[in-house]
Amino acid sequence: MNRLPGRILAIEVVGSIALIEVAVGAHCFTATLVGAGDEVAAWQVDVPVTLMFKETEVSLAKNLSGLISMRNRIPAIVTMIDRGKLLTKVGLDVDGYALASVITTKSSYLLQLAIGDRVEGLVKANEMSVLIPILTHNVT
């Protein structure tokens, strides 16, 4: 599971759907949470959170241009390539954070992936989970 520490930038809740904008360094990510309206309504801007998303939910692109609907475009450097018969695990460096993507081996060859390549990781907003720390209060 990929994890990125960040801080909430904005929260928009309509009914049971919430869009959470999270800053991770200089990057902004979006998570769409369905069925969490009441819980999210208590969250506040600038609270530290952890974004989590599966390695299998990270698509990779090289030389991507044009507009796409994916809200989370993650500029990264390829640090590791572990090719198997069917699947390939690609290690990524995102401003010092280690992430991973699992793609088909055929795609890894079609992209001509090599260590040091600049790529973009692409993750749909609904594939992002937001972990918020439980706030405890001391009672005296």
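Predicted model: local features only at pLDDT ≥ 70, side-chain atom pairs only at ≥ 80, totals over all residues.
Good morning, colleagues. A search of the whole structure finds zero aromatic pairs. For such a pair, the ring centres of Phe, Tyr or Trp (its six-membered ring) must lie within 6.5 Å, with planes under 30 degrees apart counted as stacked, over 60 as edge-to-face and the rest as tilted.

Residues are numbered from 1 along each chain as its sequence is written, and side-chain values use heavy atoms, with hydrogens and water left out.

The pLDDT is the predictor's confidence in each residue, from 0 to 100. Its average over the chain is 92, and 94% of the residues score at least 70. Over residues 136-140 the pLDDT is below 50, and this stretch has zero contacts in the model beyond near neighbours in sequence. Contact means heavy atoms within 4.5 Å.

Let me turn to the overall architecture. The chain has two helices and 10 strands, in the order β-β-β-α-β-β-β-β-β-α-β-β along the sequence. These elements are DSSP runs numbered from the N terminus: helices are H or I with at least four residues, and strands are E with at least two. Along the principal axes, the C-alpha atoms fill a box of roughly 60 × 35 × 25 Å. Among contacts with a separation of 6 or more, 62% join residues 24 or more positions apart.

Of the 140 residues, 38% count as buried. Buried means under 20% relative accessible area, exposed means over 50%, and partly exposed lies in between (1.4 Å probe, protein chains only).

What makes up the largest nonpolar core? This core has 32 residues, and those with the most contacts inside it are Ile20, Leu33, Trp43, Leu51, Phe53, Leu60 and Leu92. Elements giving two or more residues to this core are β1 (2-14), β2 (17-24), β3 (27-34), β4 (48-53), β6 (72-83), β7 (87-94), β8 (97-104) and β9 (118-123). The largest share, four residues, comes from β2. By a nonpolar core I mean a set of buried Ala, Val, Leu, Ile, Met, Phe, Trp, Tyr and Cys residues joined through side-chain atoms within 4.5 Å. As for Phe53, leaving out residues up to four places away in sequence, this residue touches Met1, Asn2, Leu4, Val58, Ile74, Leu99, Val123, Glu127 and Met128.

Two polar residues also deserve attention. Asn72 is in strand β6 and is buried, with a relative accessible area of 0%. A polar atom of the Asn72 side chain lies 2.7 Å from the backbone nitrogen of Thr30. A polar contact is a pair of N or O atoms within 3.5 Å; within protein, one must be able to donate a hydrogen and the other to accept it, and residues adjacent in sequence count only if both atoms are side-chain atoms. Beyond four places in sequence, the residues touching Asn72 include Phe29, Gly121, Lys124 and Met128.

A polar atom of its side chain lies 2.6 Å from the backbone oxygen of Val58. Setting aside residues up to four places away in sequence, Ser101 touches Glu55, Val58, Leu60, Thr88, Lys89, Val90 and Leu92.

What of residues with a positive phi that are not glycine? Asp95 has a phi of about 50°; this residue lies in the loop between β7 and β8 and is exposed, with a relative accessible area of 54%. Gln112 likewise has a positive phi, near 50°. Gln112 is found in the loop between α2 (105-110) and β9, and counts as exposed at 62% relative accessibility.

Apart from neighbours within four places in sequence, Ile17 is in contact with Glu12, Thr32 and Leu33. Thank you for your attention.
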